[in-house]
Amino acid sequence: MEELDILKKSWNKDIHPKISAESIYKMILKKSSSAVKWIFIISMIELAIGLTSGILLLINPENELGLPSWLETTVTIAGILIPVIYSYKFFKNYQTINITSSVKGLLNNIIKTRKTVKQFVLINLTLIAIMIFYILCHTLTTVPVGIDNEVSLQLITLKDYFVLILVVLILTSIVIGICLFIYFLLYGILMRTLNKNYEELKQLDL
Amino acid sequence: MDKELEHSFVTQLEKHQNIIHKVCRLYTNNQDAHNDLFQEVTIQLWRAFPKFRGEAKFSTWMYRIALNTAITLYRKSKRKIQTNDIADFHFKIKSEEYDDTEEEQLKLMYSAIKQLSDIEKALIFLYLEEKNYKEISETMGISEVNARVKMNRAKGKLKKILNP
């Protein structure tokens, strides 16, 4: 290609002003602003939230949330195990991110690390959704003290229960929806270029 | 020891800085973005430097890190790029070295390359650096055959942009 050959001829000529050794010294003291650094920071925050919520459930032995005992046990065990397993997986994957890998290898490792945290967030959100659902059901169906239980039960019809379930589902969806919206907004920006470039390389290898 | 390492790094980087400038030239559209990317590449190189064992040439080692930073780590400047920036930036070539036609062709060439995807830009960069397909496939993480296919496609795309 003729034009590319013209560019090749001038390619190695220094056309940019040289950066002094002094400026390079200053540069290496500066902090990185790379996308991976931000992905790492946000992932750490996500893991920290997961760990904190697990610990909070552990130090709150009284069944104040009104959860059935089987659910409380499941949530407690999951609250400990999931953050521990995913923290380990995250750090193991993070260690494989190496700037001297091939372009595809590096992209692959970043995306793999990100997927681990994504799974962790989705599992946590599912647990939160189940808990919110039960707590709302419990709160809305509990008869306030002072009201005769028999009387109140007679007043509740099947239609009321359907409306109740619908309200609970909508409220749970809104809470989870807001969480997901913030989540995808945050990562959408950071991961867009990475995903695009990775897909391009992946398609080529098909 | 750290001072020695620092000195050795800065000396080598100062000597081979043109490699980073060439990557920045393809991946950025204005002087500020060029400086930002140059700085990010320098930081990444410095971080990886303690693991650099000298098995490969310093310049070869720089290619990977510079390209990886441009393709995966660099967060492009959100400032709106003016169309003039693309055409005028990086063409401060001394007038006696080139005639007007050649300079004009170079300008067009750079603006055409900037329309390619990040991956295609990397392939064109490696072609201009006269790397063979084995080296290109290793740097990109794809097979040699696919590197060839992709390179031909990138060249074809450039031709189309230049001769619509």
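Chain B splits into domain 1 (1-90) and domain 2 (96-164), with bounds that come from an automatic or database domain assignment. Where the two domains touch, domain 1 of chain B puts in 12 residues and domain 2 of chain B puts in 10; contact here means C-beta atoms, placed from the backbone, within 7 Å. On the domain 1 side, α1, α3 and α4 (83-88) of chain B each give two or more residues. Helices are DSSP runs (H or I, at least four residues), numbered from the N terminus. That side holds eight nonpolar, two polar and two charged residues, counting Ala, Val, Leu, Ile, Met, Phe, Trp, Tyr, Cys and Pro as nonpolar, Asp, Glu, Lys and Arg as charged, and the others, Gly among them, as polar.

This is a predicted model: local features need pLDDT of at least 70 and side-chain atom pairs count only at pLDDT 80 or more, while totals for chains, interfaces and linings use all residues. Residues are numbered from 1 along each chain as its sequence is written, and chains are lettered from A and ligands numbered from 1 in the order in which they are written.

Now for a helix pair. The axes of α2(B) and α3(B) come within 9 Å and cross at roughly 125° (lines fitted to C-alpha atoms, for helices over the stretch in contact, with angles from 0 to 180 degrees between N-to-C directions). The two helices are therefore oblique to each other, the class left after under 35 degrees (roughly parallel), over 145 (roughly antiparallel) and 65 to 115 (roughly perpendicular). B:Leu37 and B:Val41 are among the α2(B) residues that meet α3(B), whose own set includes B:Met62 and B:Ile65.

Between chains, 44 residues of chain B contact 39 residues of chain A.
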